[in-house]
Amino acid sequence: YSNNFLFVDSTVTSPPFQITMNTGSYEWRIKGLNFAYQTQFNFPNTFQVIASIDLTNQMVVLQSPSENIYTNNTSIIFTWNSLENADNYSFELQKVNSTGNTTVFLEEGITSTSIALDNTVITEDAEYLWRVKATNTTSETSYSSRSFFLDTVAPATPSLITPEFEEEFLIDEEVNFSWNFEVDSGIINSPITSVYEISSDSNFSSIIENGSMLITNFNYTFNTIGTYYWRVRGEDEAGNIGSYNLNGKVII
């Protein structure tokens with residue numbers, strides 16, 4: 001706690017617990033838990049965090065983008081927390097290669113806590129590493145770093161596996177719908193979510209069932225006779241949206 005504000009509340013499996021903190025007065029407490037029971041909290045201990053002019057053992061806390069995110073946005077604002085007693089910051093963006101990292105952007109002497117880069121800098125789908133360090137007249141921190149993945153390629157159109165086109169089923173019979181995606185042609189393969197629809201008409205204006213899932217199959221039971229159509233598309237974690245397959249068709 002800091003000034004009666006809950007600063008962090010976390011569960012850990014073993015000590016020590018480490019966190020980067022700003023200057024100020026704090027109190028902390030701890031309790032033990034197992035599968036069925038828990039102790040009382042111990043009486044809180046108080047301590048103070050004091051800013052040092054020496055930055056050597058300090059670190060810059062990065063804010064956004066988050067660690068290991070996938071994105072299709074080539075214009076990104078990078079932000080971090082200010083560090084007391086820092087005069088300026090150095091920002092570096094590297095492209096991660098199998099043979100080593102390549103620096104694509106470097107700026108030193110930044111006095112703010114953010115920098116915006118656009119598609120003139122971030123030009124290729126790849127894994128990128130961005131890092132920041134703080135500097136003053138006598139010392140500097142080590143770099144703090146995070147990775148992100150640029151993926152601008154939409155998922156491939158899925159291929160329908162089951163049921164077969166115009167396959168017939170009985171009312172109340174469970175029907176298994178399954179499909180697969182061709183290998184992603186992009187350099188970065190973001191995780192894909194499947195979005196599916198079942199409709200009573202081929203234009204999909206009367207949707208009777210829809211959903212999204214990470215797996216590539218689901219079961220559905222029809223309770224009305226008729227002809228039904230179904231389709232699937234992929235949406236990846238980077239925000240790219242693929243095309244629907246040619247409609248599947250089942251007869252109940």
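How many nonpolar, polar and charged residues are in the lining of the second largest pocket? Hold that thought while we look at the pockets.

## The second largest pocket

This is a predicted model, where local features need pLDDT of at least 70 and side-chain atom pairs count only at pLDDT 80 or more, while totals for chains, interfaces and linings use all residues. Residues are numbered from 1 along each chain as its sequence is written, and side-chain values use heavy atoms, with hydrogens and water left out.

Back to the question: the lining of the second largest pocket has nine nonpolar, eight polar and one charged residues. Here Ala, Val, Leu, Ile, Met, Phe, Trp, Tyr, Cys and Pro count as nonpolar, Asp, Glu, Lys and Arg as charged, and the others, Gly among them, as polar. The space in this second largest pocket is about 350 Å³. It has 18 lining residues, and Thr20, Met21, Asn22, Gln58 and Leu83 are the closest to its centre.

Grid points are joined across faces, edges and corners, and the volume is the space filled by probe spheres set on the points.

## The largest pocket

The largest pocket comes in at about 900 Å³. It is lined by 26 residues, and Ser10, Phe17, Trp28, Arg29 and Ile30 lie nearest its centre. By class, that lining splits into 16 nonpolar, six polar and four charged residues.

Which strand gives the most to this lining? That would be strand E1 (residues 24-28), with three residues. Strands (E, at least two residues) are DSSP runs, numbered from the N terminus.

## Rings that pair up

There are 19 aromatic pairs in the structure. Rings of Phe, Tyr and Trp (its six-membered ring) pair if their centres lie within 6.5 Å; planes under 30 degrees apart count as stacked, over 60 as edge-to-face and the rest as tilted. Take Phe78 and Phe148: their ring centres are 5.9 Å apart and their planes sit at 50 degrees, so the pair is tilted. This pair links distant parts of the chain, with Phe78 in strand E5 (residues 76-80) and Phe148 in strand E10 (residues 144-150), 70 residues apart. Phe78 is buried, at a relative accessible area of 0%, and Phe148 is buried with 0% too. For the cut-offs, buried means under 20% relative accessible area, exposed over 50%, and partly exposed in between (1.4 Å probe, protein chains only).

Another tilted pair is Trp179 with Trp230, at 6.3 Å centre to centre and 55 degrees between the planes. Trp179 belongs to strand E13 (residues 174-180) and Trp230 to strand E17 (residues 227-236), 51 residues apart. Both Trp179 and Trp230 are buried. There's a cluster as well: ring pairs link Phe78, Trp80, Tyr89, Phe91, Phe105, Tyr128, Trp130 and Phe148.

## Charges over rings

A charge sits over a ring if NZ of Lys or CZ of Arg is within 6 Å of the ring centre and within 35 degrees of the ring normal. Arg29 does this over the face of Phe41, at 3.9 Å from the ring centre. Arg131 has its charged end over the ring of Tyr143, 3.8 Å from the centre.

## Salt bridges

The model has six salt bridges, each being a side-chain nitrogen of Lys or Arg within 4 Å of a carboxyl oxygen of Asp or Glu. One of them joins Glu124 and Lys95 (2.8 Å, N to O). Glu124 sits in the loop between strand E8 (114-117) and strand E9 (126-135), while Lys95 is in strand E6 (residues 88-95), 29 residues apart. Glu124 is partly exposed at 41% relative accessibility, whereas Lys95 is buried at 17%.

In another, Lys249 meets Glu166, with the closest N and O atoms 3.1 Å apart. Lys249 is in strand E18 (residues 248-251) and Glu166 in the loop between strand E11 (159-162) and strand E12 (167-168), so the bridge ties together parts 83 residues apart in sequence. Glu197 and Arg231 form a salt bridge too, at 2.9 Å between the closest N and O atoms, and both residues are buried.

Terms used
Helix = DSSP H or I, 4+ residues; strand = E, 2+ residues; numbered from the N terminus. 1 Å grid on protein atoms, 1.4 Å probe; cavity = no way out; pocket = protein on both sides within 12 Å on 5 of 7 lines; lining within 4 Å.
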